[in-house]
Amino acid sequence: MDPDLTDLVLTLPAERRYSYVENGNAQTLDHIVARSSVLARPFHLEIAHDNADFPKTLASDATRPERVSDHDMPVAYFTLPPLQADLATSITAANATVLSGTVQSYTVTVTNNGPDAATSVTVIDSLPDHTGFQSVSAPSGWTCTPPAIGGTGEVSCTAPSLASGNTAQFTINVVVNCATAQGASLVSAAGATSTTLDPHSENNNASVTSIVSNPPPVISGFMADKLSLGPPNHKLVPVTLSYSLTDNCDAGMVPVLTVS
């Protein structure tokens, strides 16, 4: 259900889960429900059987307190306040400017500022547009679900708990697509959540922006084996051209030469 509530009657042994008896049939008609954040601290439930466990004949005896209610009363005891864990997230990029076709590395850091342990912790990093997933590394005890190699989307990592004062650090590598335009922005956003109450959710999320560099190809060392032709004889003469062509992505480019 939403919100995620727990029926505390189910925490009792089966033989004590009743609050009403009708013609010998024990039933559970009375409930107390609570959020998981409240149940993270010690709690206890009892059903005061001051009705169902006594015969109906006592209802006419004014000197007896039994059967003063139609139902037995469930009573819950809670330890307050509930557990709290302030998760703080930061993210950095290895390069402020990254060359297209190369790897960009992100470091996501999640710290539990306490005062209690955070339970069922989830860290999600949304990969930037114009990139493909390459790899992720996580601390021991964490399980990560990334996209396929070269895929897009998000990396999700989970752990049963993160103790107060502890930090978890993740490294996520992506490859910038070769066709990404010069000056394009890469934005990676990360966030952390847990089932424990977070009193300062404003620091749960962070993002970082880097810029793509995609310079044009470079032709160097251009020369011809014949620097001049003559005298004119109306015959074709072979000329060999030498050059070096480099590009940050495409190693198989062929230049277009124009002769006039």
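**A disulfide, a sheet and a surface patch**

Me: What is the relative accessible area of Cys157?
Reply: In this predicted model, Cys157 counts as buried, a word that stands for under 20% relative accessible area, while exposed stands for over 50% and partly exposed for what lies in between, with a 1.4 Å probe and protein chains only. For Cys157 the relative accessible area is 3%.

Me: Which residue does a disulfide join to Cys144?
Reply: The structure holds one disulfide, a term for a pair of cysteine sulfur atoms within 2.5 Å. Its S to S distance is 2.0 Å, and with 105 degrees about the S-S bond the link is right-handed. Cys144, in strand 12, is linked to a distant part of the chain, 13 residues apart, in strand 13, and the residue joined there is Cys157.

Me: Is Cys144 buried or exposed, or does it lie in between?
Reply: Cys144 belongs to strand 12 (residues 143-145), strands being DSSP runs of E with at least two residues, numbered from the N terminus, as helices are for H or I with at least four. Its relative accessible area is 22%, so Cys144 is partly exposed.

Me: In what order do the four strands form an open sheet?
Reply: The pairing is antiparallel, and two strands pair if DSSP finds at least two bridges between them. Strand 7 (85-93) and strand 11 (131-137) each have a single partner strand, so one side of each is left without a neighbour in the sheet. The order is 7-9-14-11.

Me: How many bridges join strand 9 to strand 14?
Reply: Strand 9 (residues 103-115) and strand 14 (residues 167-176) run antiparallel. Val103 has Val175 as its bridge partner in strand 14, and Thr109 stands opposite Gln169.

Me: Where does Val237 lie?
Reply: Val237 is partly exposed, with a relative accessible area of 38%. Strand 17 (218-224) and strand 18 (241-246) flank the place where this residue is found. Val237 lies in the loop between strand 17 and strand 18.

Me: What do the numbers and values rest on?
Reply: Residues are numbered from 1 along each chain as its sequence is written, and side-chain values use heavy atoms, with hydrogens and water left out. Totals for chains, interfaces and linings use all residues, whereas side-chain atom pairs count only at pLDDT 80 or more and local features need pLDDT of at least 70.
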